[in-house]
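Open the model in your viewer and keep the selection panel at hand. The stops below go chain by chain, then to what the chains share.

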Amino acid sequence: MTDLDIAPAPTTREGEPAPNDDEWEAPRPRPRWGQRALVWVPALVLVAFFVVPFGLMLATSFYRRVSGGFYEPAFTTDSWARLASDFYVGRTLYSVRVCLLVAALTTAVAFPFTWFLTRMRARRQVPLLIMILAALTLSEVIVAFSWNLILGRASGITNVLVWVGVMSEPKALTPGLGAVVAGLAYIAFPYCVITLFPSLKRIDRELTDAAGTLGASPSRTFRTIVVPLARSSVLAAFLLVFVFTLGSYIVAQVLGRPEHWTLSVFISDQALFNANVPFAAAMAMLLTVISLTVVGGVSFAASRRARLESV
Amino acid sequence: MSALATGVATAAAPADPAVGDAGGLLLEGIEKRFGAVRAVDGVSLRIPSGKLVSFLGPSGCGKTTLLRLIAGLDTPDAGRIVLDGEDVTARPAHRRDIGMVFQSLALFPHLDVNRNIGYSLKLRHTAKAVIAERVEELLALVDLDGLGERSVRKLSGGQRQRVAIARALARDPSLFLLDEPMSALDANLREALQVELRLLQQRLGITTVMVTHDQREAMTMSDVVVLLNAGKVEQAGPPLELFRKPRSAFAARFMGPTNLLEARVVGRDVVRVGIRDVHLEPGAHDKVVGAEVLLSVRPGDAAVVTEGLDDDDTLRGEVVFVRDLGGTSECYVDCGLGGEPLVASGGGRVHQGVRQGDRVGVHLPATACVVVEP
């Protein structure tokens, strides 16, 4: 026996050996009022400024319109009946199609663009990012009228094409569906890029290098490695653009003829110019339901697919 | 051609008559700059086919850059890369016949083990049955039988390592590249896998270039060690040659613990350290009498003695510390030379009774003293 005073191994009260570090968990402190407020205050704000207006809107869609631009509380399904007419069902489907087209185009351009942006050295990457973020500061009105100029006959891009010799005489490209799609895509593009940027940035350079050393060309690497790894964020960007453009009304109004108007244009038209707030409320409800349905449906399909693949 | 000639001469393993001019990998005057930094600064080497060569050096010495240039992941600013007699300098990675294991392993997280390993074969439109057969074969080669269906996220560190090796070898490349392949593993596993990977490389006879900062790993696995410093080849040769005959203080220190002693040449094969003459092996240096030189002595070669303290080749001093590790023990001896005390652990355990404060001698045998460039 040595007479060194060595403390015995730590034990718990019951005399069992102390638990492993891995298993040991610190007792959770009870949340204080300040911490609880961090959860409750935003929740209350969300209720006050989203759920309540939503309810008011729903109620308004059943109100009766009275002449002179007012409406009174009532319960009538006039607005909803009008919304169910062939014309408005057609406009609704048209809006969804246009916005899906814009979302698809924007994502298709922004995805490869953002990929190359994340692979650039910081010296070139930062100015480009700043330019893209700067585009976010432009108001929709300015963008719409700028595109009107760019696509117009007097000063538009077709003059350049004539000068180059591609076209014989300048031509107005606006109003038209092409102009609406171009304007919407332009506004949505920066949002699409900043949605994709973080997740594409996270894709380790060694993964694409590895594909290269295994014989994959850069385009093959993009298709077999980058696309599968970025799928969920591409989907998120697509949905963001879809919902965003579905709610945009200035671009379609400025750059399109009435036959190119989306549902949002009709909402502003009814609320601001025809003074039919109950009908505008009904269309707004429909728009919200469509957005939620598409987002929910796509998310469900994606998570289902991810679950199937993980098995 | 002169720079190339020295590079080839120093890097080539002990003359192997089977290696023709065409085989293996040839680097000629490779340079790579990043801005003002010369990451690789004129490296010329011949790597004979079937050998394992490691690039060893501290971080920032250019070893990984050089490996990326060989892989085709970067292009050199100057120089030529010749693989099996073919100039591949301008070819991107996907058109070179290589397999590479990355530091992060870079397993594709969205693919299972089978698909990771079969990736390169699928790219070449190999028939499914052939891929399956080859993948089975590779799984057996790296002892992962039966794990093909597993997601790579659900593998242990060692298993992931093996998948990365199997994937790199899948299409039977003519060059196998390893970028710090063990750095993600814990120490015990690393030691075991070093041996295993070396045996695998020898069995397959595949030309291999490995990058490491771990001197022990380089010595365990390599036929030839290329020591890099600031983008240049500091010294190249078989591992033991670098350990025993370092040409510079940098090489001496990097290859293991050493004592560096200032000395003055006093005669042919004799130098003076402090007040004592120390004999060297014949031809150990080509300096004139009076020149200042630096001696490198490994602790294991320096023996503590308690008799013959006034003999030649023995430095007198006082023991300032004894590190006894059971199997080995090291004496820290202050010989009045200034600087760090000498560390001596040679001569078995003859100095077992030595205690802190004792006056002892440190015997430096001629074979242990190497004259190095400062």
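How many helices and strands are there in chain A? Select chain A and colour by secondary structure: there are 12 helices and two strands. Helices (H or I, at least four residues) and strands (E, at least two) are DSSP runs, numbered from the N terminus. Read from that end, the elements go α-β-β-α-α-α-α-α-α-α-α-α-α-α.

Before going further, note that this is a predicted model: local features need pLDDT of at least 70, side-chain atom pairs count only at pLDDT 80 or more, and totals for chains, interfaces and linings use all residues. Residues are numbered from 1 along each chain as its sequence is written, while chains are lettered from A and ligands numbered from 1 in the order in which they are written.

**Confidence in chain A**

Chain A averages 84, and 90% of its residues score at least 70. Among the elements of chain A, H8(A) has the highest mean, 95. Strand E2 (residues 70-72) of chain A has the lowest, 80. Now select residues 9-19 of chain A: pLDDT stays under 50 there. The model has seven contacts beyond four places in sequence for this stretch; a contact means C-beta atoms, placed from the backbone, within 7 Å. Where pLDDT is low, the predicted coordinates should not be read in detail.

**Where A meets B**

Show both chains. The contact takes 15 residues from chain A and 17 residues from chain B. On the chain A side, helix H8 (205-213) and helix H9 (218-246) each supply at least two residues. H8(A) gives the most, with six residues.

**The core**

Next, pick Met283(A), Leu177(B) and Val226(B). Of the 161 residues in the largest nonpolar core, these touch the most other members. Such a core is a set of buried Ala, Val, Leu, Ile, Met, Phe, Trp, Tyr and Cys residues joined through C-beta atoms within 7 Å; buried means 20 or more other C-beta atoms within 10 Å of a residue's own. Helix H7 (residues 177-202) of chain A provides the largest share of this core, 14 residues.

**The sheet in chain B**

Finish in chain B. Six strands form an open, mixed sheet in the order E6-E7-E8-E3-E9-E10. Strand E6 (98-101) and strand E10 (232-237) of chain B are the edges; each has a single partner strand, so one side of each lacks a neighbour in the sheet. Strands pair if DSSP finds at least two bridges between them. Zoom in on strand E3 (residues 52-56) and strand E8 (residues 208-212) of chain B, which pair in the parallel sense over five bridges. Here Val53(B) stands opposite Val209(B) in E8(B).

Notes
Two residues are in contact if their C-beta atoms, placed from the backbone, lie within 7 Å. A residue is buried if 20 or more other C-beta atoms lie within 10 Å of its own, exposed if 12 or fewer, and partly exposed in between; C-beta atoms are placed from the backbone. pLDDT is the predictor's confidence in each residue, from 0 to 100.
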